[in-house]
Amino acid sequence: MPAKHYEDGDMVMGRWPGSSLYYEVQVTGFDKISQLYGVKYKDGTELELKESDMKPLNYFKSKKSRSRSSSRQRGRSRSRSRSPARAPSSKRSTSRGRETKKEVEKQIVPEVKPAPQVCEPVIGLEKTLASAICLFIYQCIPIFISVPIVSLTFRYTTIIVYLVQLRLVLTFYIHANLLQVAISAMVFSLLLSVYLYLRSWRVPTDELAPGGNSGSFIYDFFIGRELNPRIRNFDLKYFCELRPGLMGWVIINLGMVFAEMNVQNLDMPSLAMILVNSFQLLYVLDALWNEEAILTTMDIVHDGFGYMLAFGDLVWVPFIYSLQAFYLVKHPSELTWPVAAAIIALNTVGYIIFRGANSQKNAFRRNPLDPKLAHLKTIPTATGKNLLVSGWWGFVRHPNYLGDLIMALAWSLPCGFNHVLPYFYVIYFTCLLIHREARDEHQCRKKYGVAWDKYCQQVRYRIFPYIY
């Protein structure tokens, strides 16, 4: 078993998962089984890192010193080559020395920044729009063949024509050819998975996922061998985890809105279609707005990027999660306003539980000593971390899962009860979260031991109060 190089309490430089940036962290523990170090950033964020992602505090300083030394040597070499007859005055030489010093100080090999209060990969509006355009090109290349090139200097008539054509494209392309688009996405995800598997054999072993090197071709191809495959600084897994799938979901839903109006000969979308699109759009916007939370999930920190995540991100999310809107195109559902109000209330309750639980967890993880969290009760663990046993996390062990399932039900109810198709997502998601909860339970019991048993005694129910 490899020797342990860092002790609890040591201050080192730790690489932030999914990036090439290093921050000052404190070692809080070491798992002998997974060979991962528990570290704590200055803002309170706690993660587990490989030893290869950790460097001594003076590692970057020494590189900086070497860079300055080599620059001084180059400066001396240039000064020797000057003719004695053209030697500069001492005042001019001093000024030149200061300029050289400034140039040398800029030559810092890695960029080291203080630990962020909000994780750095949060995207702004411009990056979000750019990602949406990239997704649109990938999913709907034929669209851009039929849409004319619009001049940078828009005129009102051009904008109107463009919007009309966009509506026609969303109406007749996406809905009528959804199966073909889905098959194209499947082929793309398969080719991407083959590329990911082949390139994983050319990367260092310390960049492989903990469970992605089992020796079984089928399993490793499915689960993914490389943890964070990058093309230069572009992290493929981090990009695919949220943006293509969620944005594709919204685009397909929008196409279903126009298709319903065309098929049902409506002047405006039905109330059921409006509710489904509004609920799901809120969910997507929430995920993108709180994108930094994904950096601490198991997908990013532990799981490799293989066929499972590629297919899930690029195929399953956009084409399965949009089934309610797809169903409503040819199966209209008449909703009364009292029923619609009840469904809106149900979705609101689910969202409050979902967002409240996740926000409370993330705030506690980033800064357990925050005065706003002083009222929360905790249980100390042998790892140095504390388990929340009050607030949302004293209600059930996974309140975020509960909120997610309530929202999923609210998305299906506008479709009525004439067919099981709109409820496929709820059924699938319930099975998925119950399985994930069982996996989380096993990991937490192994990690926290007696403290987890105490937590389970105080918080009896896993997801559904008084049921499970």
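Here are some questions and answers about this predicted model.

Q: Which helix has the lowest confidence in the protein?
A: Let's start with the overall picture: the mean pLDDT of the protein is 76, and 74% of the residues score at least 70. At the top end sits helix α14 (residues 399-412), with a mean of 94.

Q: How much space lies in the largest cavity?
A: Searching the whole structure turns up three cavities of 30 Å³ or more. The space in the largest cavity comes to about 120 Å³.

Q: Which residues lie nearest the centre of the largest cavity?
A: β4 (46-49) and α10 (298-301) each give at least two residues to the lining of this cavity. By class, the lining has seven nonpolar, four charged and two polar residues. Of the 13 lining residues, those nearest the centre are E48, L49, D53, L227 and V301.

Q: Why does the largest cavity lie between two domains, and which ones are they?
A: Look at who provides the lining: residues come from both domains. The cavity therefore lies between domain 1 (10-55) and domain 2 (151-332).

Q: Is N347 buried or exposed?
A: N347 is part of helix α13 (residues 337-366). Leaving out residues up to four places away in sequence, N347 touches F279, L282, M407, A410 and W411. Its relative accessibility is 3%, and the cut-off for burial is under 20%, so N347 counts as buried.

Q: What is the C-alpha separation of L285 and L246?
A: L285 belongs to helix α9 (residues 271-289), and at 49% relative accessibility it counts as partly exposed. Along the chain, L285 and L246 are 39 residues apart. Their C-alpha atoms are separated by 9.0 Å.

Q: Where is R232 found, and what is its phi near?
A: R232 is in the loop between β6 (230-231) and β7 (234-235). With a relative accessible area of 79%, R232 is exposed. R232 is not a glycine, yet its phi is positive, near 60 degrees.

Q: What is the phi of Y466?
A: Y466 sits in the segment after α16 (450-458). Y466 is exposed, at 71% relative accessible area. Although Y466 is not a glycine, its phi is positive, at about 65 degrees.

Technical notes
Residues numbered from 1 in each chain as written. Predicted model: local features only at pLDDT ≥ 70, side-chain atom pairs only at ≥ 80, totals over all residues. Heavy atoms only, no water. 1 Å grid on protein atoms, 1.4 Å probe; cavity = no way out; pocket = protein on both sides within 12 Å on 5 of 7 lines; lining within 4 Å. Points joined across faces, edges and corners; volume = space filled by probe spheres on them. Helix = DSSP H or I, 4+ residues; strand = E, 2+ residues; numbered from the N terminus. Nonpolar A, V, L, I, M, F, W, Y, C, P; charged D, E, K, R; others polar. Domains from an automatic or database assignment. pLDDT = per-residue confidence, 0-100. Buried < 20%, exposed > 50% of the residue type's maximum accessible area, 1.4 Å probe, protein only. Contact = heavy atoms within 4.5 Å.
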